Amino acid sequence: MTPSPAPEGGPEPGPRARPPGSRATPSAAEGGLAPGLRARRAPHSRRAGRRAGEQPLTTPPAAPKPPDAVPAPEAVPAPPDTAVEADRRRGGTKERSPGHDSAGPAQGEPTASPEPAPTPARPRTLAFVESPVQLLNVLEWAYVTGVGERRARPASTARRPGPPLACGVPRQPGPRDQDAAAGPGSSPVRPEPTGLLVVVLAPHDPMSRGQLRRMAELARDQGHDVRWEEARGGPTAPVATVGGLAGALRRAHRIVIGDPFSRYVQLLLTITRARELVVVDDGTATMEFVAQLGRGESLVRWHRRGSRGARDLLFAPVSASARRMLTPNDRRSVEVFTSMPVEPPPGVHVKANDFAWTRAAFGPPRLTGGTDLVGTSLVETGVVDPDRYLEAVASLARAHGATRYFAHRRESAEKLRRIADTVGLEVVRPELPLEIVARRGPVGRTVLSFPSTVVHTLPLALAGTGITVAVCDIDPVWLTEHASPRAEGFLAEVTDTARDVRRLPASPLTAP
């Protein structure tokens, strides 16, 4: 009988199978002996005392069966010592198993599976994220589309979540993950692989990195693989990252991206041959992306003032190629998964994101009697003057009795200190995206925000909880002289298109 090929990502056929539990012969690349050399035996392992199953290193293992052992259903072949396998050991082309990132295996998790990984039921899906919100929306997309299911679910269970989360917090690996001998799918806390590999292109910001690691644990609890890439870890990091992902990009049938404006993502898109591209929500930036794609314009973030110089000119061909990749044609489909109100260009399919996974996995929240204020990074992006922003925060807190300030992950420590000392608000740095934090609670009965993504996402995540989301308009006098001409109109559009929110005028808060 001709042996079937090994599934993608699993061990490749070796010269001869060895039974489970036998020792693998180390290769020269792994620090073993070169072919033709004989290992020096310890005194207790001579011919009379040799353990069952061991053979001299100069001959292939004969794989004898112990007298009382039950025959194994299938032996695991030894991986060959090839250049491809060496590259996989370095983390270049091998997709990492759940529970692994750049820091190595998590405590208590096995470093290898005793059996080959099962073949995914669908073509491999590759997702690229650079922020916690993008990873959250990848989980929402996977939940709604049923990525990784081996058969269609009945209608009655179409919205059922994956494995339950203890108290709505990420599970930490422990001894219960060590029972690998029972086979795949046997652990009550580790579901079968879904075929979705999430690649985290790690940012520098410490708060974003912390939230991303916690979101990665939630992704692993859903059966998705997570691969952590220090894509910005030094001058050679981009070359190593792109080179290590090239093979997976060419094999992937579907690519999911969270930030089409990212230069990293645009560069990776030039390598892929995927026939399906999915853009998941990156907040209000998704509105601008869809508008620019429809007008055939270059992909530029709304708060930027055109080109920045030579780097933009050098990167222009890559950006143009990415824009063509994100334009659907006869060979490639493009989908946008968003909670924002968008008008897609012809050929682009839009799927609504109503935060079904978040509502199924967390909450309902415990409500407090107060008011919470949500911060933004408009000061850090150079759009709003910091002093005017501080005055607006103080006015909102006095007018509505706010006591807590939920910081945006990119807000500076200096600005947050001023808010705590001058305004007197309790500054909270969430460890997860605000949609999950608010859904878990405790949270105020009223949540105030300036124009930002949360005025669109929180009403969906908190549907049916009785929480009111209110948005305060940005007065044009708050804008800096460096703000782009598009800033005022874009912020007004974010507020005008928000659904199920209460509008708060900016005029009473205008600084003198």
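Mentor: Two strands pair if DSSP finds at least two bridges between them. Keep that in mind. The model is predicted.

Trainee: How do you know that strand 9 and strand 10 pair?

Mentor: Five bridges join strand 9 (residues 276-280) to strand 10. The rule asks for at least two, so the strands pair. They run in the parallel sense. Leu277 stands opposite Val334 in strand 10.

Trainee: Which strand does strand 10 also join, and by how many bridges?

Mentor: Strand 11, again by five bridges, and these two run parallel. Here Val336 faces Val350 of strand 11.

Trainee: What makes strand 10 mostly covered?

Mentor: Five of the six residues in strand 10 (residues 333-338) are buried. Buried means under 20% relative accessible area.

Trainee: And what makes helix 6 mostly covered?

Mentor: Helix 6 (residues 285-295) has eleven residues, and eight of them are buried. Among them are Ala285, Met287, Phe289 and Leu293. Gly296 follows the helix with a positive phi, near 70°.

Trainee: Why is Phe289 called buried?

Mentor: Its relative accessible area is 1%. The limit is under 20%, so Phe289 is buried. Phe261 passes by the same rule, at 7%.

Trainee: How many aromatic pairs does the count come to?

Mentor: Four. One of them is Phe261 with Phe289.

Trainee: Why is the pair of Phe261 and Phe289 called edge-to-face?

Mentor: Take the distance, then the angle. The ring centres are 6.4 Å apart, and pairing needs centres within 6.5 Å, so the rings pair. The planes stand at 85°, and over 60 counts as edge-to-face, so that is the name.

Trainee: Which parts does the pair of Phe261 and Phe289 tie together?

Mentor: Phe261 lies in the loop between strand 8 (254-257) and helix 5 (263-269), while Phe289 is in helix 6. These parts are 28 residues apart in sequence.

Trainee: Why is the pair of Tyr389 and Phe450 called tilted?

Mentor: The centres are 5.2 Å apart, within the 6.5 Å limit, so Tyr389 and Phe450 pair. Tyr389 belongs to helix 9 (residues 386-400), and Phe450 to the loop between strand 15 and helix 12 (454-461), 61 residues apart. Both Tyr389 and Phe450 are buried. Together with Trp478 they form one aromatic cluster.

Trainee: What order do the six strands of the open sheet take?

Mentor: The order is 14-13-12-15-16-17, with parallel pairing. 

Trainee: What makes strand 14 and strand 17 edge strands?

Mentor: Strand 14 (426-428) and strand 17 (502-504) each pair on one side only. From one strand to the next, the twist averages 30°.

Trainee: How do you know that strand 12 and strand 15 pair?

Mentor: Six bridges link strand 12 (residues 367-374) with strand 15 (residues 443-449). At least two are needed, so they pair. Leu373 stands opposite Leu448 in strand 15.

Trainee: Which peptide bonds are cis?

Mentor: Gly363 and Pro364 are joined by a cis bond, with omega about 5°. Pro364 sits in the loop between helix 8 (356-361) and strand 12. The bond from Gly441 to Pro442 is also cis, with omega near -5°. Pro442 lies in the loop between helix 11 (434-440) and strand 15. Most peptide bonds are trans.

Trainee: What is the phi of Phe355, and what is that of Asp500?

Mentor: Phe355 has a positive phi, near 60°. Asp500 has a positive phi of about 60°. Neither is a glycine. Most residues other than glycine have a negative phi.

Trainee: Buried or exposed: what is Phe355, and what is Asp500?

Mentor: Phe355 has a relative accessible area of 1%, under 20%, so it is buried. Asp500 has 71%, over 50%, so Asp500 is exposed. Phe355 is in the loop between strand 11 (348-352) and helix 8. Asp500 is in the loop between helix 13 and strand 17.

Trainee: How do you know that Asp475 has no salt bridge?

Mentor: The nearest side chain of opposite charge, Arg388, is 6.5 Å away. A salt bridge must fall within 4 Å, so Asp475 has none. Yet Asp475 is buried. A polar atom of its side chain lies 3.0 Å from the backbone nitrogen of Val477. Asp475 is in the loop between strand 16 (468-472) and helix 13 (487-496).

Technical notes: Residues numbered from 1 in each chain as written. Predicted model: local features only at pLDDT ≥ 70, side-chain atom pairs only at ≥ 80, totals over all residues. Heavy atoms only, no water. Helix = DSSP H or I, 4+ residues; strand = E, 2+ residues; numbered from the N terminus. Axes fitted to C-alpha atoms, helices over the stretch in contact; angles between N-to-C directions. Buried < 20%, exposed > 50% of the residue type's maximum accessible area, 1.4 Å probe, protein only. Lys, Arg positive; Asp, Glu negative; His and termini not counted. Polar contact = N/O pair within 3.5 Å; in protein donor to acceptor, adjacent residues only side chain to side chain. Phe/Tyr/Trp six-rings, centres within 6.5 Å; stacked < 30°, edge-to-face > 60°.
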